[in-house]
Every structure is written in structure tokens, then in C-alpha cells.
Amino acid sequence: MKKSNFKDPFKEQREQQGTAKMDDQGDPVTMVLRLKDVRKCAHDWNRFRSGATPGRIVVPSEVHIRGTRQIPFEVDPPLHKKYRDLMEDWFRRPLQEPYRSALRAQIQELVDHALKGHRFEIVEDFALPLQSKALTLLLNIPLSEAEVWISWGTHVFRSEETKLDKEKASILYDYIDRKIEDALAAPGEDLYSKLLTSELDGRRLTKEEVKGVMILTFAGGRDTIINAVTNSLVYLAEHPEQLVNLRKHPELAARAVEELIRYYSPLTHMGRVASEDTSVCEHAVKSNTRISLCWASANRDESVFDRPDEVILDRKMNPHVGFGFGHHKCLGATHARQVLMLLLQVVAENVTTIEIEGLKENIEDLDRFERQVGFQHVWARFQ
Ligand code: EMZ
């Protein structure tokens with residue numbers, strides 16, 4: 001069985017130029033490749049903005065498939081902070097013990113099922129159900145709702161892994177509209193109700209704003225978590241000695257999660273729109289054109305990370321940007337980290353070998369680059 005190879009496609013270009021131009025549906029992007037520049041540009045929100053036409057900062061652009069602004073990530077300061085302040089405590093709930101033990105139980109159930117000895121498919125029979133079940137905790141709604149989301153497949157806006165799909169997206173939009181009406185009619189303890197009763201500048205959030213938050217919650221943490229879970233399991237399958245290591249040293253899990261996020265960088269990049277004629281790394285960037293902050297490239301920057309192309313589970317210095325950087329850094333990161341940390345612990349405690357029987361890569365097409373982000377399928381056996 002050939003070993004998986006998450007090669008860094010940006011290496012040469014990062015070292016030699018620092019940026020790369022790519023076309024995205026006729027709206028070009030200057031990709032920023034070095035960690036230092038990525039951070040600098042992420043920090044400079046006035047020069048590189050997030051509040052453009054909804055969907056434009058995402059690469060591939062989603063301007064043709066949605067009009068709703070995702071909140072807070074498509075909003076610039078100072079309004080951005082007001083939204084963020086409304087949500088931060090809610091998105092820290094994954095640190096609380098009842099949440100962690102419920103999440104652990106979900107993972108334990110999936111692992112127990114996998115241990116029954118039969119061959120199963122990791123993406124659809126493990127990572128997707130785990131992502132969906134865990135999301136019920138983040139939204140604080142009944143577990144049974146996960147069945148609906150599982151039926152949508154791994155990406156809510158894309159079909160066949162990478163193609164943008166308007167019809168598929170409208171399933172999510174209509175679903176969220178219905179749930180907002182339900183929560184208005186009968187408010188509960190869920191995220192919809194919490195947002196609908198939140199106040200910003202002395203007024204309630206509108207349905208459109210709540211929808212914007214919910215779309216981001218559903219879309220941003222879907223394929224990213226699914227890939228992170230799948231890739232981590234494939235890593236453990238290929239490195240049984242690390243499974244032993246994690247079993248002996250459960251305290252290693254926190255560092256291991258950061259390293260797996262750095263190495264696999266579930267989100268390749270995120271765009272910004274220049275508000276003036278400017279330059280990055282000596283390359284001209286025209287006003288109203290896009291740059292992208294390439295987290296995946298920055299996370300392999302050899303001037304920052306020692307042996308960047310190796311997974312070193314106990315890596316000490318790890319200033320990765322896998323969850324973004326600056327005021328827009330991932331709101332769901334606390335949840336994602338708990339999912340991965342508990343996954344590593346439960347698997348280490350219960351599984352001795354993971355045998356891969358077949359796999360099909362999921363390759364992202366970035367115009368002049370190709371990058372493996374995960375797998376479409378992995379057939380495996382747990383013992
Ligand atoms: C957007 C994005 C957010 C986008 C943090 O990332 O994730 C992508 O998967 C979605 O397609 O709409 O939510």
C-alpha cells in the first residue's frame with residue numbers, strides 16, 4: 001500500500017517569489033505564501049478587507065452561489081468585534097466538562113462500532129457522522145438532527161468534492177430559514193435562539209444576520225473537520241508507533257493536535273480584497289483585487305518550522321496559522337481542537353492497529369497548484 005503524501009506544492013514559489021498569481025473564475029488572486037507576510041496582511045485589515053461582496057473573499061469565490069454575508073468573517077472592524085463579542089462565550093462552551101464528556105461519548109460510540117472488525121469507510125462512516133454529531137453539541141440541539149446533515153454529504157456548497165453547486169447550497173439556506181422560524185416561534189436553549197435574542201447597538205439581530213452566522217457555522221467547520229479527522233486517522237494507521245506513544249503519554253494529545261492542524265492545514269487559504277493600490281512582498285496588488293492568505297503554505301515555511309514536511313507530534317515551537325490569524329481567527333477552533341484531542345485519546349485507548357485497505361485522495365485544484373486536502377474515501381479496518 002502506498003503511503004499517503006501530503007506534499008507542499010508551494011515550496012519553490014514561496015522560497016523564490018513569496019507570492020503566486022492564480023486565476024479563480026476570472027477574478028485573479030495573489031496568493032501570499034510566507035508566514036511572516038501572511039500574518040502581516042491578516043493584521044492589516046484596513047488595507048486588506050474582508051467585508052467585500054459576500055462570497056468574494058472565499059477562494060474559490062462563492063459570489064455566484066450566495067448573497068448572504070457570513071458573519072463575523074465577512075465583516076471588518078469595528079462592527080466585526082461587536083458580532084464577535086456576542087458569540088465568543090458560546091463558542092468557548094467546548095471547554096466545559098459536560099460538553100467534553102458528551103463529545104467523548106460520541107467518539108467512543110463511533111470507535112466501538114469501527115472495532116466490530118468489519119471493513120468500513122472512514123470519510124462517510126466515521127468523519128462525517130462525527131462532524132455532524134459533534135455539531136449538535138455546538139448548536140445545543142438534539143442529537144437526532146445530525147441525521148439530516150449527514151445526508152447532505154461532506155461539503156454543503158460543493159458536489160463531486162470541488163465543484164460549487166447552487167442547488168446544493170439552497171438546501172442549506174432553506175433549512176436554516178426554517179430553523180430560524182422555528183426558533184422564533186418557540187425559543188429554546190439553542191444557538192439560533194441565542195442569536196435571535198442577542199442585541200447589537202440596542203437592537204435585535206435580524207434574521208439575515210442570524211442566517212449569516214449559521215451558514216458560517218455549518219460551512220466553515222464541515223469539510224475542514226472531516227478532512228482533519230480523516231487525515232489524522234490515516235496518519236495513525238501509517239504510524240502505529242505514534243499510537244503507542246499517545247497511549248503511553250496521553251498528555252501529548254494537545255501538542256499533537258496543533259501539529260496535525262499545521263501539517264494538514266484543513267483550510268488552504270482565505271482571501272482579502274485590497275482597498276488601495278499596494279504591494280505584498282514587492283509584488284504589486286491593485287485596489288479592488290484579491291489576495292489570499294495561504295495558511296497551508298505558511299504552515300510549511302522552512303524559515304519558521306524546523307523540518308516543516310514532517311509530522312513531529314511533540315513539536316515545541318509551533319506558531320502555525322491553521323486556524324487563521326488575527327481578529328478573524330477561527331471561532332470554531334475550540335470545538336475543533338476538542339474533537340481532535342478526544343479523537344486521539346479515545347483511539348489511542350481503544351485501538352491497537354488501523355489497517356488501510358484502499359484510499360482515494362481528495363485533491364484541490366488551485367489553478368497552477370494542486371494540493372491534497374484529504375481523502376474522498378478511505379477503506380479501513382480497526383483492531
Ligand atoms: C466559508 C469558509 C469559512 C465558505 C473559515 O472558512 O469555509 C468554506 O468551506 C465555505 O465554503 O462559505 O464558510
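A residue is called buried if its relative accessible area is under 20%, exposed if over 50% and partly exposed in between, with a 1.4 Å probe and protein chains only. The exercises below concern a predicted model, in which local features need pLDDT of at least 70, side-chain atom pairs count only at pLDDT 80 or more, and totals for chains, interfaces and linings use all residues. Residues are numbered from 1 along each chain as its sequence is written, and side-chain values use heavy atoms, with hydrogens and water left out.

**Exercise 1.** Decide whether Leu-138 is buried or exposed, and list its contacts.

Solution. Begin by placing Leu-138 in helix α5, residues 122–139; helices (H or I, at least four residues) and strands (E, at least two) are DSSP runs, numbered from the N terminus. Next, take the relative accessible area of Leu-138, which is 4%, so the residue is buried. Then look for contacts, meaning heavy atoms within 4.5 Å: leaving aside neighbours within four places in sequence, Leu-138 touches Trp-90, Phe-91, Arg-93, Pro-94, Tyr-99, Thr-217 and His-335.

**Exercise 2.** Describe the surroundings of Ser-265.

Solution. Start with the loop between α12 (253–264) and β9, where Ser-265 is found. The relative accessibility of Ser-265 is 1%, and therefore this residue counts as buried. A polar atom of the Ser-265 side chain lies 2.9 Å from the backbone oxygen of Arg-262. Finally, with neighbours within four places in sequence left aside, the contacts of Ser-265 are Leu-260, Trp-295, Ala-296, Asn-299 and Arg-371.

**Exercise 3.** Work out the order of the strands in the open sheet, and find which ones are at its edges.

Solution. Two strands pair if DSSP finds at least two bridges between them. The edge strands, each pairing on one side only, are β1 (19–22) and β3 (48–49). Now examine β3, which pairs with β9 (residues 270–274) in the antiparallel sense over two bridges, and where Arg-49 stands opposite Val-273 in β9.

**Exercise 4.** Compare the radius of gyration of the protein chain with that of a compact globule.

Solution. The radius of gyration is taken over C-alpha atoms, and the globule rule is 2.2 Å times the number of residues to the power 0.38. For 383 residues a compact globule would have a radius near 21 Å, and the protein chain has 20 Å, so the two agree. As a further step, note that 57% of the 383 residues are buried.

Note on methods:
Polar contact = N/O pair within 3.5 Å; in protein donor to acceptor, adjacent residues only side chain to side chain.
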